[in-house]
Structure formats: structure tokens, C-alpha cells
Amino acid sequence: MLDLHDFEFAKVLNSEEFDYLSHHAKRVSIPKHTILFYQEAICKDILLLGKGEIELYMYVKNDQKIPLYALKEGEQCVINTSSTISQTPAIGTAQSLSDVEGWMVSEEVVKYLMHRSPSYLNYVFSLFTIKLDALATLIQDIKFKKLDSRILEWLHAHPSKIVQATHEEIAEALGTSRVVISRVLKDLEKQNFVKLHRKAIEIL
């Protein structure tokens, strides 16, 4: 298991800052399959993961479960951190995939470190950047997958197997951009659902 001083941000804290963290951090052990916090709940503490793995996911309409990302040892959860610092509802649920060990630190401790240590502040911002990039990619993928069905439904609503329409016209009809429509149509063509022609789409 990682010790507190093994975390990347801890290596750049001065002795006073690290002593403050060590004094206030609470060692915890969490069994496998434990819910650490629920979607829409407000987190009270932040977990510094020293051992194990945690899954972050969210539920959308029709109770569809969407995995967001996994948290591994040496990391600090962005959703957990954001909810704790801002005291706003978490956008996802966290569940341990294995037995977990680590340290819980309070909102006050994190805010103290963010105020006193530029290095820790940069560390937190870097976490947000990495995870937000991953989430943005995930959201785009989800959007494209849903758009597949919407495009096919729109095409099948026409009486002819060859639909006379530009990508821009489809985009306007479905409330998205031409670039997105073109990308999804190319994917559908690769899957042999449609064949693309100039200003027309053939349903296969």
C-alpha cells in the first residue's frame, strides 16, 4: 500500500504542509463492492487511494449504467473532490472493485493545501484536465451511438430506399452539426446500414 508521502503531490509539500496533512488524514479500509458515495449525494470527505481500485459510474434515463472511469492507487477522485470542495451533488457513484485502503481528508484540509501549496493546486487541476478529457470522449461516444438510431429512424421514415438529403439537412432535422452527422453516417456505411451518394443516402 502507498504511504502518504508516496503520493505525487505529497512529494512537493513542505514539511509544515505535509505534517498538517498527516495529522488530519484518517486511515481507512473499505471492503470490496462498497458504495463510497452515491450520484446526487454531496461528499463530505475526499479519499486518497493507497491500495485497490474504484469504479466511477452514473445512471441516466431508463436506469442505464454508464461507466465513467476507474480510480487506481495513488489517485484522487475528481468527482469526489469537486463535490466536496463545492458542496454540490456528485455527478456519479463510486464503488470499490476490490478491498480498498487509503486516507480520508476533509474539505478543510484540501482547501488548506490548495491555498498554501501551488504545487498541490496544480496537481488537482491536472486531475480535472485528465479526467474531463476522458469524460468528454465518453460523452461524444454516447452521443454518437444514440445518434445512430436517430439517423436510421429518420431515414426509414421516408418512403423511398434512397433518401434525397444533404448531411446539413439531416443535421438541421436532428438538431446537431453537419460534421457530427457526416461522421456517424460514415460509421453506418462501414457497418453496411447505408450507402452514401452525392446529396443522397441509400438504405441497405
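Which residues in H5 meet which residues in H6? Let's find out, after a word on the model.

## About the model

This is a predicted model, in which local features need pLDDT of at least 70, side-chain atom pairs count only at pLDDT 80 or more, and totals for chains, interfaces and linings use all residues. Residues are numbered from 1 along each chain as its sequence is written, and side-chain values use heavy atoms, leaving out hydrogens and water.

## H5 and H6

Helices here are DSSP runs (H or I, at least four residues), numbered from the N terminus. On the H5 side, His167, Glu168, Ile170, Ala171 and Leu174 meet Arg178, Ile181, Ser182 and Leu185 of H6; contact means heavy atoms within 4.5 Å. These residues divide into five nonpolar, two polar and two charged. In this sorting, Ala, Val, Leu, Ile, Met, Phe, Trp, Tyr, Cys and Pro are nonpolar, Asp, Glu, Lys and Arg are charged, and the others, Gly among them, are polar.

The axes of H5 (residues 167-174) and H6 (residues 178-190) come within 8 Å and cross at roughly 110°. H5 and H6 are therefore roughly perpendicular (65 to 115 degrees). Axes are lines fitted to C-alpha atoms, for helices over the stretch in contact, and angles run from 0 to 180 degrees between N-to-C directions.

## H1 and H3

H1 (residues 15-24) and H3 (residues 107-116) pack at about 175°, their axes 10 Å apart. They are therefore roughly antiparallel (over 145 degrees). Glu16, Glu17, Tyr20, Leu21 and His24 of H1 make the contact with Glu108, Val109, Tyr112, Leu113 and Arg116 of H3.

Methods. Helix = DSSP H or I, 4+ residues; strand = E, 2+ residues; numbered from the N terminus. Parallel < 35°, antiparallel > 145°, perpendicular 65-115°, else oblique.
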